Amino acid sequence: MDTQEFLQQYAAGERNFSRVNLVHVCLTNAKLVGAHLTGAHLVGADLRGVDLTNAHLEQAKLNQACLADAEMIEVCLISAEMVGADLSGADLTKANLSGADLRGVKLGGADLKGANLSKTDLRGADLRGADLSGADLQEAQLEGADLDGAYLEAADLRGAAIAGTTLKGVGLASTRMPDGSVHA
């Protein structure tokens, strides 16, 4: 399926695009609210500014995709592969990324308020200035991640691996730390 065919079907009311192959497509600023892209292949796709609010991308492959400034409120990305993806400035409020592979992902300035990042692999991720307030990061792998200036108020880091993580200037008020203690 090519980009034009995909957008025409979406405009005609189709929402189920499970397992679709859209590798290296350009869908900048597309409105794909509620789209079902479970298991879709969007490797290297240009999705800057796309609106994927309430979309379903469970087990989707978005490695090296550009989702900068995307609107992804309450998106479902359970067990998605997003290695090296660019989500800078994206709005992932209340998104479910549990079990996702986000190694080396760029999330600088992203809004992850209330997001579920439990058991997510964020090794080497750039989370500088990201808002992770109220986020569930239980058992997340954050080794080598850069959280410089990130906001983690009331986040849950129980069981998270944070060795080598940069935590300079991080807001930790009421954050539940990896050992279960609550930061003052």
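Buried denotes a relative accessible area under 20%, exposed one over 50%, and partly exposed anything in between, with a 1.4 Å probe and protein chains only. The views below show a predicted model, in which local features need pLDDT of at least 70, side-chain atom pairs count only at pLDDT 80 or more, and totals for chains, interfaces and linings use all residues. Residues are numbered from 1 along each chain as its sequence is written, and side-chain values use heavy atoms, with hydrogens and water left out.

**Figure 1. Surroundings of Asn-63.** Asn-63 is placed in the segment after α1, the helix that covers 3–11. Helices (H or I, at least four residues) and strands (E, at least two) are DSSP runs, numbered from the N terminus. Asn-63 counts as buried because its relative accessibility is 16%. Its side chain makes a polar contact of 3.2 Å with the side chain of Glu-81. A polar contact is a pair of N or O atoms within 3.5 Å; within protein, one must be able to donate a hydrogen and the other to accept it, and residues adjacent in sequence count only if both atoms are side-chain atoms. A polar atom of the Asn-63 side chain also lies 3.4 Å from the backbone nitrogen of Met-82. When neighbours within four places in sequence are set aside, the residues in contact with Asn-63 (heavy atoms within 4.5 Å) are Val-43, Gly-44, Glu-81, Met-82 and Val-83.

**Figure 2. Surroundings of Thr-53.** Thr-53 likewise belongs to the segment after α1. With a relative accessibility of 15%, Thr-53 counts as buried. The side chains of Thr-53 and Asp-51 are joined by a polar contact of 2.7 Å. Not counting residues up to four places away in sequence, Thr-53 touches Val-33, Gly-34, Glu-71, Met-72 and Ile-73.

**Figure 3. The helix α1 and its ends.** At the N-terminal end, α1 is capped by Asp-2, a side-chain oxygen of which lies 3.3 Å from the backbone nitrogen of Gln-4. Just after α1, Gly-13 adopts a positive phi of about 105 degrees. An α-helix has 3.6 residues a turn, so residues three or four places apart point the same way. The protein as a whole has 1 helix and 0 strands.

**Figure 4. Leu-27 and its contacts.** Leu-27 is found in the segment after α1 and is buried, its relative accessible area being 3%. Apart from residues up to four places away in sequence, Leu-27 touches Thr-3, Phe-6, Leu-7, Leu-32, Asp-46, Leu-47 and Val-50.

**Figure 5. Val-25 and its contacts.** Val-25 is located in the segment after α1. A relative accessible area of 9% makes Val-25 buried. With neighbours within four places in sequence left aside, Val-25 is in contact with Thr-3, Leu-42, Ala-45 and Asp-46. Val-25 and Gly-44, 19 residues apart in sequence, have a C-alpha to C-alpha distance of 7.6 Å.

**Figure 6. Positive phi at Ser-79 and Ser-174.** Ser-79 has a phi near 55 degrees, a positive value in a residue other than glycine. Ser-79 is in the segment after α1 and is partly exposed, with a relative accessible area of 36%. Ser-174 is not a glycine either, yet its phi is positive at about 60 degrees. Ser-174 also lies in the segment after α1, where it is partly exposed at a relative accessible area of 44%.

**Figure 7. The protein as context for the close-up views.** The C-alpha trace spans about 55 × 25 × 20 Å along its principal axes. Of the 184 residues, 46% are buried. Among contacts between residues at least 6 apart in sequence, 1% join residues at least 24 apart. The protein carries 15 positive and 25 negative side chains, and the centres of the two sets lie 2 Å apart. Lys and Arg count as positive and Asp and Glu as negative, while His and the chain ends are not counted; each charge is placed at NZ of Lys, CZ of Arg, CG of Asp or CD of Glu.
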